[in-house]
Structures are given as structure tokens and as C-alpha cells.
Amino acid sequence: MRAIPRRGVGIAIAIVVLALLAAPKLLELRRASEPAATVPARSVLNVRVHPVAPGQLTERLAATGTVRANEQVEIVSEISGKISAIYFDEGSRVAQGALLLKIDDSELLAERQRALYRVELAERAEARQQQLLDEGVISNETYDVALGELNVLRAELQLIEAQLLKTEIRAPFGGIIGLRWVSPGSYLSSQTRIASLHDLDPVKLDFAVPERYSALMRIGDEITFTVDGFERSFSGTVYAIEPSVDASTRSLRMRARCPNSDGALLPGTFANVDLVLRSVDDALTVPSIAIIPELGGKKVFIYDDGTAQPRTVETGIRTENEVQLTSGLMDGDLVIISGIHQLRPGLEVEIEDSAAESGSSQ
């Protein structure tokens with residue numbers, strides 16, 4: 001390896017020494033060229049406020065329910081027999097008492113005729129026995145036997161008449177009849193499904209509310225609800241409340257009646273129910289975000305001459321976005337609704353321009 005000349009080593013050492021001597025001077029020049037550090041400005045928090053003003057506040061409860069027919073029944077036969085005629089069309093409206101179906105009654109008609117003959121003979125026999133009793137020829141016991149036979153035959157005739165009535169199946173109430181499941185000539189039993197009958201105006205709405213709201217429920221309360229497939233809402237009136245809370249669901253079942261003249265509501269439909277619980281006309285309200293829970297109560301911060309000041313408040317009813325204040329604030333107070341977690345008593349705050357404008361417009 002070739003040796004480095006002594007002259008080169010000396011030059012390098014000289015350069016290093018000069019750099020070390022010049023470094024303090026360069027640092028001073030750099031500091032002198034930099035602008036002087038500014039004194040930190042006073043910290044002011046920009047906030048948005050909500051002016052407290054009286055207005056109507058309504059507490060609502062959302063629930064789910066099921067639409068039911070006002071009256072609904074499965075049409076079945078009480079007796080067995082062959083269908084001789086069907087008098088209804090599927091999906092048609094029928095009046096109360098309308099004849100829907102006829103079962104063959106030829107055997108019952110023959111039995112009734114026979115019973116009529118027997119009753120007629122028994123009546124003649126009873127009349128003769130009555131005459132003999134009046135003349136003192138027979139005893140009361142003998143007459144009672146004849147009268148008993150007559151009454152038995154009359155009862156048998158009434159039974160046959162009742163069976164004949166059951167061969168005609170009639171609509172128990174007016175409504176719309178559903179799909180037919182039998183045909184003419186079919187043999188019916190008491191288990192055979194014929195069709196269903198629905199009274200759809202009005203309809204009923206079954207729904208339930210949590211037990212904590214049970215004391216607020218009243219017969220006559222108005223409700224609104226929506227169902228899938230319709231953009232409009234429907235209304236109804238509560239007319240029945242279950243007298244006990246369901247122990248398994250901890251809810252109170254209720255039933256409302258709803259007009260359905262256009263037939264839009266169908267039984268079995270799922271409904272989203274909106275129920276008014278309470279309403280206050282002159283309620284002082286604040287956004288729920290402004291409420292700060294604390295040990296033993298609640299508080300809010302208000303804007304007071306450029307500072308944030310806490311106020312202990314008591315609350316009443318609440319909605320999804322607003323809370324009623326029953327004490328602690330007055331009409332016109334400005335409640336701070338932003339930067340809640342940064343607030344502390346006496347902190348200097350400034351209202352944002354947009355917030356101040358919105359507050360003045362209100």
C-alpha cells in the first residue's frame with residue numbers, strides 16, 4: 001500500500017481545525033437570521049350553541065305489530081254429507097246470512113216426514129186420552145204416558161229440523177270469502193276445510209309495548225303505523241289492553257281498530273307502529289348531546305359572557321334527539337352543544353359565526 005504524503009495529512013488537519021473554529025460563528029449567524037419566537041396566544045375554544053326556547057315536545061314509542069281481520073272464521077260443516085251445491089265465488093264479498101253451500105238432505109227430509117206422521121198420531125192419541133181423563137174413565141198416570149210419548153216425538157222432530165238447518169252453511173257475518181277447498185259432490189266431514197271468511201273493514205292491529213310504559217297506556221290513544229308496500233301511513237285507535245303483562249316478554253299487549261274502507265290492509269301484515277306517549281306544549285328543550293351525566297344528577301354548559309359555565313338541570317321526557325329540561329335553565333339561555341368533553345368551568349369560548357347566525361334566526 002502506498003503511503004499518504006505528509007503534506008496531504010497536514011492540509012486535512014488544518015481544514016478540520018478551521019471548521020471547528022468557524023462553527024460557533026455560523027450558529028450565531030443562523031440564530032440571528034431566524035425570526036423571534038412568538039408568544040403563545042390565549043386559548044379560546046370555538047363552540048356551537050343552541051338557544052333555549054319553549055316549544056311542543058312529543059315523546060313517541062316505536063313498536064311492531066300485526067294486522068288482523070276484524071272477524072275471521074274457517075268455514076266448516078257441523079255434519080257429514082255430500083255437497084249438493086256451492087253458491088259462492090272465491091274472493092267475492094258475501095252478506096251476513098248468505099247461503100254458501102248446501103249438503104244433500106234427502107235422507108233428513110224423509111226422516112222429518114216420518115216424524116211428522118208419528119207426531120200427528122201421537123197428538124190424536126193424547127186428545128182421546130184427555131177426553132177419557134175428563135170423563136173419569138182413566139187415571140192421570142195413563143194420560144201422562146200418552147202425553148210423554150207425544151212430547152218425545154215432538155223433540156225428535158225438532159232434532160231432525162235442527163239437522164236440516166245444518167245442511168245449509170251460511171255466512172256468519174258479512175265479508176270477503178277466500179279460496180275454496182272443496183268441489184260439488186265432495187263428501188264433507190266436520191274436519192273438512194271449505195273456505196275462510198274475513199271481515200276487513202275495519203281491521204285490528206295487535207302490538208306490544210315494554211312494561212315500563214304500561215302506566216302510560218290508555219284506551220282511546222291514537223296510533224299511526226306503516227306497512228311494507230305503501231308509502232302512506234295508517235291510523236287507528238286503541239280499544240283494548242291486556243289486563244296483565246306477559247311474564248316471558250315483559251311486555252303489555254294492546255289492540256287497536258283501524259279503518260280499511262279501501263281494503264289496503266291485509267291480515268297477517270307486519271306493521272311498524274308509532275305511539276304517542278306524552279306531549280308537552282311549552283317545553284324547554286336542548287339537544288340530547290348537551291346533557292352531561294354526573295354523580296347525583298345531570299348538567300349542561302351554557303355560554304355566559306364569553307365563558308363556559310355549568311348548570312345543574314333536571315330532565316323530563318325525551319325524544320331521539322331532544323330532552324326536556326324541567327329546571328336549571330331559562331328561556332334564552334345559550335346551551336353549548338359542541339366540544340362538550342373539552343369544557344370546564346370558566347373556560348373562555350367563542351361562538352362560531354354559523355352557530356351565532358342560526359341562534360339569532362331562531
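Arg193 is partly exposed, with a relative accessible area of 41%; in this scheme buried means under 20% relative accessible area, exposed over 50%, and partly exposed in between, with a 1.4 Å probe and protein chains only. Arg193 forms a salt bridge with Glu74, their closest N and O atoms being 3.1 Å apart, where a salt bridge is a side-chain nitrogen of Lys or Arg within 4 Å of a carboxyl oxygen of Asp or Glu. The model is predicted: local features need pLDDT of at least 70 and side-chain atom pairs count only at pLDDT 80 or more, whereas totals for chains, interfaces and linings use all residues. Residues are numbered from 1 along each chain as its sequence is written, and side-chain values use heavy atoms, with hydrogens and water left out.

**Overall architecture**

- The chain contains 4 helices and 20 strands; these are DSSP runs numbered from the N terminus, with helices (H or I) of at least four residues and strands (E) of at least two.
- Of the 362 residues in the chain, 33% are buried.
- The accessible surface of the chain is about 23000 Å², and 52% of this belongs to carbon and sulfur atoms; the areas come from the Shrake-Rupley method with a 1.4 Å probe, and for residues only the protein chains shown count as cover.
- Among contacts (heavy atoms within 4.5 Å) between residues at least 6 apart in sequence, 74% join residues at least 24 apart.

**Salt bridges**

- The structure holds 15 salt bridges.
- Glu74 lies in strand 3 and Arg193 in the loop between strand 9 (187-188) and strand 10, so their pairing ties together parts that are 119 residues apart in sequence.
- Glu74 is partly exposed, at a relative accessible area of 37%.
- Asp262 and Arg232 form a salt bridge in which the closest N and O atoms are 2.7 Å apart.
- This pair links distant parts of the chain, with Asp262 in the loop between strand 13 and strand 14 and Arg232 in the loop between strand 11 and strand 12, 30 residues apart.
- Asp262 is exposed, with a relative accessible area of 52%, whereas Arg232 counts as partly exposed at 39% relative accessibility.
- Arg170 forms a salt bridge with Glu168, with 2.9 Å between the closest N and O atoms.
- Arg170 is partly exposed at 41% relative accessibility, and Glu168 is partly exposed at 29%.
- Lys102, Asp105, Glu168 and Arg170 are linked in a network of salt bridges.

**Nonpolar cores**

- The largest nonpolar core has 26 residues; such a core is a set of buried Ala, Val, Leu, Ile, Met, Phe, Trp, Tyr and Cys residues joined through side-chain atoms within 4.5 Å.
- The residues with the most contacts inside this core are Leu205, Phe207, Val209, Met217, Ile223 and Phe225.
- Two or more residues of this core come from each of strand 3 (54-75), strand 10, strand 11 (222-227), strand 12 (234-241), strand 13 (251-258) and strand 14 (270-287).
- Strand 10 gives the largest share of this core, 5 residues.
- Leaving aside residues up to four places away in sequence, Met217 touches Val209, Ile241, Leu252, Met254, Leu275 and Leu277.
- A second, separate core of 17 residues includes Ile79, Phe88, Val94 and Leu100.

**Residues of strand 10**

- Leu197 lies in strand 10 and is buried, with a relative accessible area of 0%.
- Not counting residues up to four places away in sequence, Leu197 touches residues including Val73, Ile75, Val94, Phe173, Ile176 and Ile177.
- Leu197 and Ser92 are 105 residues apart in sequence, with a C-alpha to C-alpha separation of 9.9 Å.
- Asp199 belongs to strand 10 (residues 195-210).
- Asp199 is buried yet has no salt bridge, and the nearest side chain of opposite charge, Arg93, is 5.7 Å away; Lys and Arg count as positive and Asp and Glu as negative, while His and the chain ends are not counted.
- The side chain of Asp199 reaches the backbone nitrogen of Asp201 at 3.4 Å.
- Beyond its neighbours within four places in sequence, Asp199 is in contact with Ala69, Asn70, Glu71, Phe173, Gly174 and Gly175.
- Asp206 is also found in strand 10 and is buried, with a relative accessible area of 6%.
- The side chain of Asp206 makes a polar contact with the side chain of Arg68 at 2.6 Å; a polar contact is a pair of N or O atoms within 3.5 Å, where within protein one must be able to donate a hydrogen and the other to accept it, and residues adjacent in sequence count only if both atoms are side-chain atoms.
- The C-alpha atoms of Asp206 and Arg257, 51 residues apart along the chain, are separated by 9.1 Å.
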